[in-house]
Amino acid sequence: MGPDDMVKYFILSLSMLGISSVCSSCIKTLSDDFSQLEPSSIWFVCHRDENSFSFGKVPGEARTAMTATVRPRVGIQAFAPAATHSGCRDADGNYEPDGRNERAELWEEDSVWLPLGTDIWYRFDMYVDDSVVPGADRTVIGQWKQTSGPLDASPVLAQRFTNRTFTITIEQDNDRPGRNPADAQCRILVATEASSSDEIGHGGEHDVLAPPSSVPEKSTVLSIGHASDSIRYDPIRGFSKAVDCTIDDISITTFHPLPEVFGTWTTMVYHVRFLPDHNGLVEVWANGKAIARAAGRIGFRPTTPRSRQYFKFGPYRNHASYETTSRLAHYIRSTRREDVDPQGLLTPTMAAKDARRDRGVERLPKPLRRREMQDTIR
């Protein structure tokens with residue numbers, strides 16, 4: 001199957017999934033250096049009692065950035081009318097606290113959300129302070145969400161810092177035969193730090209939670225849209241302790257471990273295409289090094305022509321006793337690689353000869369032969 005045939009197959013797959021083909025030239029490149037003292041029109045700021053935001057020059061540095069700080073929540077407010085963005089304050093100052101979550105997030109504004117399946121590049125610099133402790137509970141800083149699929153599904157792609165370890169995960173529907181019907185999602189480890197013993201490519205199955213009003217205050221479950229820390233999936237003890245829910249429809253190739261990020265700036269580049277068939281793609285670079293490539297079934301069913309995807313950044317965590325600050329700088333989103341990496345220094349080619357032999361797996365989706373997969377990700 002040649003490149004032209006692959007394009008036809010890709011468009012046909014989109015149509016069968018209910019996703020309209022995306023006009024790449026119609027998508028405007030977004031960029032923000034956060035030099036202004038107010039957020040630009042491409043962002044929605046999720047204000048809550050426990051967070052604060054600032055924009056502009058970073059104290060003691062030449063760069064400018066968005067700074068988001070989350071503090072421990074004090075008490076649980078009475079439920080208020082739901083805001084337009086769940087868990088964030090609306091124009092009247094109301095919001096509905098979601099379980100035991102704490103967050104300080106900047107979301108892409110609704111008007112710039114992309115059709116699901118868009119082939120798109122992201123580049124940003126991030127800073128995560130040194131506050132996250134070993135043994136820390138669920139902590140996400142940087143995630144991509146899908147608007148269709150299971151109600152309040154987990155992020156399709158997420159940067160996780162649980163247990164003070166930087167990891168990257170993707171999600172898919174849990175199609176493992178014989179699974180617990182409640183465990184509808186499968187979270188797959190794509191990349192981690194060199195010191196981690198977790199198995200790249202291992203999938204932990206988990207459930208979609210009930211509304212927080214039905215969850216006891218001292219429950220160990222997380223929030224709407226995230227897995228419970230149950231015996232089926234425990235991010236602190238490791239992915240490899242859970243039942244593997246992958247079914248050979250995902251290919252993961254690793255090149256380098258993720259860098260240690262706490263207390264320093266890190267440059268991240270992502271190339272993504274979220275599709276819950278066999279044409280999904282996630283490629284990751286950090287500080288100019290190729291990290292990992294995942295290809296295959298990425299995202300959730302069902303999808304419709306109205307399905308969208310969007311990015312948000314900032315601490316999102318279970319209740320913790322300490323304050324955490326993160327920063328976002330030099331954000332670019334484009335359909336073109338050269339816009340996020342004009343000098344070609346941040347996204348070196350992911351060559352098969354450079355794949356790591358000591359960690360990870362490479363599993364090809366059954367419907368695609370190796371030659372076809374190379375055409376797909378070229």
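Biologist: How many bridges join strand S5 to strand S18?

Modeller: In this predicted model, helices (H or I, at least four residues) and strands (E, at least two) are DSSP runs, numbered from the N terminus. Two strands pair if DSSP finds at least two bridges between them. The number of bridges that join S5 to S18 is three.

Biologist: Before we continue, on what conventions do your values rest?

Modeller: Residues are numbered from 1 along each chain as its sequence is written, and side-chain values use heavy atoms, with hydrogens and water left out. Because the model is predicted, local features need pLDDT of at least 70 and side-chain atom pairs count only at pLDDT 80 or more, while totals for chains, interfaces and linings use all residues.

Biologist: Which residue of S18 is the bridge partner of Gln146?

Modeller: Strand S9 (residues 139-146) runs antiparallel to S18, and seven bridges join them. In S18, the partner of Gln146 is Gln309.

Biologist: How many of the eleven residues of S18 are buried?

Modeller: Buried means under 20% relative accessible area, exposed over 50%, and partly exposed in between (1.4 Å probe, protein chains only). Strand S18 covers residues 308-318 and is mostly covered. Its count of buried residues is ten.

Biologist: Why is strand S8 described as largely enclosed by the rest of the structure?

Modeller: In a regular strand the side chains alternate between the two faces of the sheet. In S8, Ile120, Tyr122, Phe124, Met126 and Val128 point one way, whereas Trp121, Arg123, Asp125 and Tyr127 point the other way, and all are buried. S8 (residues 120-128) is therefore largely enclosed, its buried residues being nine of the nine.

Biologist: Which residue in strand S19 stands opposite Asp125?

Modeller: S8 pairs with strand S15 (residues 265-273) in the antiparallel sense over eight bridges, and Tyr122 stands opposite Tyr270 there. S8 also pairs with S19 (residues 324-334), again antiparallel, over seven bridges. The residue in S19 opposite Asp125 is Ala329.

Biologist: Which residue takes a positive phi in the hairpin of S3 and S4?

Modeller: Strand S3 (residues 51-57) and strand S4 (residues 64-70) pair in the antiparallel sense over seven bridges. Ser52 has Thr69 as its bridge partner in S4. Six residues lie between the strands, and the residue with a positive phi, near 80°, is Gly60.

Biologist: Is the disulfide of Cys46 and Cys88 left-handed or right-handed?

Modeller: A disulfide is a pair of cysteine sulfur atoms within 2.5 Å, and those of Cys46 and Cys88 are 2.0 Å apart. Cys46 lies in the loop between strand S2 (43-45) and S3 and Cys88 in the loop between S4 and strand S5 (101-103), so the pair ties together parts that are 42 residues apart in sequence. The torsion about the S-S bond is about -100°, so the disulfide is left-handed.

Biologist: What is the handedness of the disulfide of Cys186 and Cys245?

Modeller: The sulfur atoms of Cys186 and Cys245 are 2.0 Å apart. This pair links distant parts of the chain, 59 residues apart: Cys186 is in strand S12, and Cys245 is in the loop between strand S13 (203-206) and strand S14 (250-254). The torsion about the S-S bond is about 90°, so the disulfide is right-handed.

Biologist: How much space lies in the largest cavity?

Modeller: On a 1 Å grid over the protein atoms alone, a cavity is a set of points where a 1.4 Å probe fits but cannot get out, and lining residues have an atom within 4 Å of a point. Grid points are joined across faces, edges and corners, and a volume is the space filled by probe spheres set on the points. The lining has 13 residues, and Thr192, Ile200, His256, Pro257 and Arg356 lie nearest the centre. The space in the largest cavity is about 50 Å³.

Biologist: Which strand supplies the largest share of that lining?

Modeller: Strand S12 (185-192) and strand S17 (289-296) each supply at least two residues of the lining. The largest share, three residues, comes from S12.

Note on methods:
On a 1 Å grid over the protein atoms alone, a cavity is a set of points where a 1.4 Å probe fits but cannot get out, and a pocket is an open set with protein on both sides within 12 Å along at least five of seven lines; lining residues have an atom within 4 Å of a point.
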